[in-house]
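This briefing walks through one structure, topic by topic. Please look over the sequence and the model before reading the points.

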Amino acid sequence: AAPPPAGVVLPEDPKVRRVAETLALDMQKSKKAPIDQRRQAFRAACLTWHPDKNPRHTQLATEVFKFLQTLKAWYLEDT
């Protein structure tokens with residue numbers, strides 16, 4: 001997997017790390033997309049991984065959601 005953006009630390013937990021690596025890779029691939037598309041994709045990811053939307057996997061969702069927040073500024077910056 002590609003390394004995360006500078007300054008972003010991958011989670012320790014193996015399950016969370018696998019999801020985080022996949023999300024970071026997908027975001028790296030779409031980083032050059034227009035800002036509107038990136039905003040929509042980021043919002044969709046946040047909704048998917050919001051803890052309230054994942055009552056059976058609250059801890060996993062919480063950690064993934066926190067990781068998404070660490071990528072927000074990088075992913076939504078102007079390129």
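At 56% relative accessibility, Arg 43 counts as exposed, because exposed means over 50%. The structure is a predicted model.

- Arg 43 is found in helix H2.
- Between the C-alpha atoms of Arg 43 and Leu 60 there are 18 Å, and the two residues are 17 apart along the chain.
- Asp 36 also has its place in helix H2.
- With a relative accessibility of 56%, Asp 36 counts as exposed.
- From Asp 36 to His 57 the distance is 30 Å, C-alpha to C-alpha, for a separation of 21 residues in sequence.

**Helix H3**

- Helix H3 covers residues 58-76, which is 19 residues.
- At 1.5 Å a residue, H3 should span 27 Å, and the 26 Å between its end C-alpha atoms agrees with that.
- At Thr 70, H3 bends by about 35 degrees.
- The buried residues in H3 include Ala 61, Val 64 and Phe 67.
- Leu 68, Leu 71 and Tyr 75 in H3 are buried as well.
- Helix H1 (14-30) and helix H2 (35-49) are among the elements that cover the buried residues of H3.

**H2 against H3**

- The axes of H2 and H3 come within 9 Å and cross at roughly 165 degrees.
- Angles over 145 degrees count as roughly antiparallel, and H2 and H3 are therefore roughly antiparallel to each other.
- The crossing of these two helices, H2 and H3, is left-handed.
- On the H2 side, the residues that meet H3 are Ile 35, Arg 38, Arg 39, Ala 41, Phe 42, Ala 45, Cys 46 and Trp 49.
- On the H3 side, they meet Leu 60, Ala 61, Val 64, Phe 65, Leu 68, Gln 69, Lys 72, Tyr 75 and Leu 76.

**H1 against H3**

- H1 and H3 pack with their axes 10 Å apart, at an angle of about 25 degrees.
- That angle makes H1 roughly parallel to H3, since angles under 35 degrees count as roughly parallel.
- H1 supplies Lys 15, Val 16, Val 19, Ala 20, Leu 23, Ala 24, Met 27, Gln 28 and Ser 30 to the contact.
- H3 supplies Leu 60, Glu 63, Val 64, Phe 67, Leu 68, Leu 71, Trp 74 and Tyr 75.
- The crossing in which H1 passes H3 is right-handed.

**Asn 54, between H2 and H3**

- Asn 54 lies in the loop between H2 and H3.
- Its relative accessible area is 15%, so Asn 54 is buried, the cut-off being under 20%.
- Asn 54 is in contact with Thr 48, Trp 49 and Ala 61, leaving aside neighbours within four places in sequence.
- The C-alpha atoms of Asn 54 and Gln 37 are separated by 24 Å, and these residues are 17 apart along the chain.

**Asp 13, before H1**

- Asp 13 is found in the segment before H1.
- A relative accessible area of 40% makes Asp 13 partly exposed.
- Asp 13 and Glu 63 are 9.0 Å apart in space, C-alpha to C-alpha, although 50 residues apart in sequence.

Methods. Residues are numbered from 1 along each chain as its sequence is written. This is a predicted model: local features need pLDDT of at least 70, side-chain atom pairs count only at pLDDT 80 or more; totals for chains, interfaces and linings use all residues. Side-chain values use heavy atoms; hydrogens and water are left out. Helices (H or I, at least four residues) and strands (E, at least two) are DSSP runs, numbered from the N terminus. The expected span of a helix is 1.5 Å times one less than its number of residues. The bend at a residue is the angle between axes fitted to the seven residues ending there and the seven starting there. Buried means under 20% relative accessible area, exposed over 50%, partly exposed in between (1.4 Å probe, protein chains only). Contact means heavy atoms within 4.5 Å. Axes are lines fitted to C-alpha atoms, for helices over the stretch in contact, and angles run from 0 to 180 degrees between N-to-C directions. Angles under 35 degrees count as roughly parallel, over 145 as roughly antiparallel, 65 to 115 as roughly perpendicular and the rest as oblique. A crossing is left-handed if the near helix is turned anticlockwise from the far one by less than a right angle, and right-handed if clockwise.
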